Amino acid sequence: MATPQVHGPGGRRSADTVSRVSGTLTTEAVEAATVRSNEISAELRRDPSAFRVLTGERTTGALHVGHYFGSLRNRVALQDMGVDIFLILADYQALTDHDASKELSQSVFDIVLDYLGIGIDPARSTIFVHNASPALNQLLLPFLSVVSMSELHRNPTVKDEIAHSGRGSVSGLMMTYPVHQAADILFCHGNLVPGGRDQLPHLEVTRDVARRINRLYFEEPYFPEPELLMGEVPLLLGLDGPKMGKSMGNAIYLHTSADETARLIKRAKTDSDRRITFDPEHRPEVSNLVQIISLCEGSDPHVVAEEIGAGGAVELKRRLTETLN
Ligand code: TRP
């Protein structure tokens, strides 16, 4: 496996990502990461071969249109620009959820099919799983040795996930998964990770691990210090109102057939206001459907709403079905 050079000032130490006082992401860190991410986007266009991207997902089931517009579409774009892409199907990370862990092989299979369906090309991009990569998992132990308990406890993304899980106790796997992610990234010598701001604390862990291991065990830097390619992800609602989720029964999956998609959209929740407008705050369900149309068509949601206007929910659903299929 060729090892790409870390591009740009990869070793630069930015301001602390996480406030030591509040334990949340600092505005400065998000702003600095946004500026850096814009520089990286320009570098990517100039020289895509300088980057190796590592990203992926926990194998908790097949992927839906929220995933597509949130991250998958962007991966295909990176691949087609000539960036080297590694996609981890994080089955060992799915073990944090004991229900999902019963269907791991089926999930891996479904996600690989989704990847192929959207245009990930296995001749150019590498898809792999934890359970078939013992050397990756083996890195977890030395990596854990350079991370302190207080660093693990401070990670705001992990804290949020724990708070939302509503569980009384937190497993060691859950607490340490950012370090496992560091193993995913550094195992591949990835130097770029696409993601939202919630990935910033994880990237900081990865960079800290890389720097500490390099200092402890290598004369020359062996692991790159990866950076975040920030993309703010549109939050799609499910067809019934709440966030589109794998386990919520409100998603349109990538594998959903055209007929089934039409049927699901027919049942989607709208409201009693006949005229279609784009107003996410006051009309979340209608605006969500407008937003999916605009994501598919690459058009402005206000313009889409204006065009449908008096056509009402019937025209909204007709156009959504057509464009999504
Ligand atoms: N944790 C990510 C998710 O839940 C998936 C993932 C695993 C990942 N390893 C990674 C993402 C490394 C970025 C980099 O979707």
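Me: How do I read a polar contact?

Reply: A polar contact is a pair of N or O atoms within 3.5 Å; within protein, one must be able to donate a hydrogen and the other to accept it, and residues adjacent in sequence count only if both atoms are side-chain atoms. Here, a polar side-chain atom of Asp184 lies 2.6 Å from a nitrogen atom of the ligand. For the side chain of Gln181, an N or O atom is 2.7 Å from a ligand nitrogen. For Gln93, the value is 2.9 Å.

Me: How much of the ligand's accessible area does the protein cover?

Reply: Accessible areas come from the Shrake-Rupley method with a 1.4 Å probe; for residues, only the protein chains shown count as cover. On its own the ligand has 370 Å², and the protein covers 83% of that.

Me: What model is this, and how are residues numbered?

Reply: This is a predicted model, with residues numbered from 1 along each chain as its sequence is written. Local features need pLDDT of at least 70, side-chain atom pairs count only at pLDDT 80 or more, totals for chains, interfaces and linings use all residues, and side-chain values use heavy atoms, without hydrogens and water.

Me: Which element gives the most to the shell around the ligand?

Reply: Helices (H or I, at least four residues) and strands (E, at least two) are DSSP runs, numbered from the N terminus. β1 gives the most, with four residues.

Me: Is α10 largely enclosed or open, and why?

Reply: Buried means under 20% relative accessible area, exposed over 50%, partly exposed in between (1.4 Å probe, protein chains only). In α10, 14 of the 18 residues are buried, so this helix is largely enclosed by the rest of the structure.
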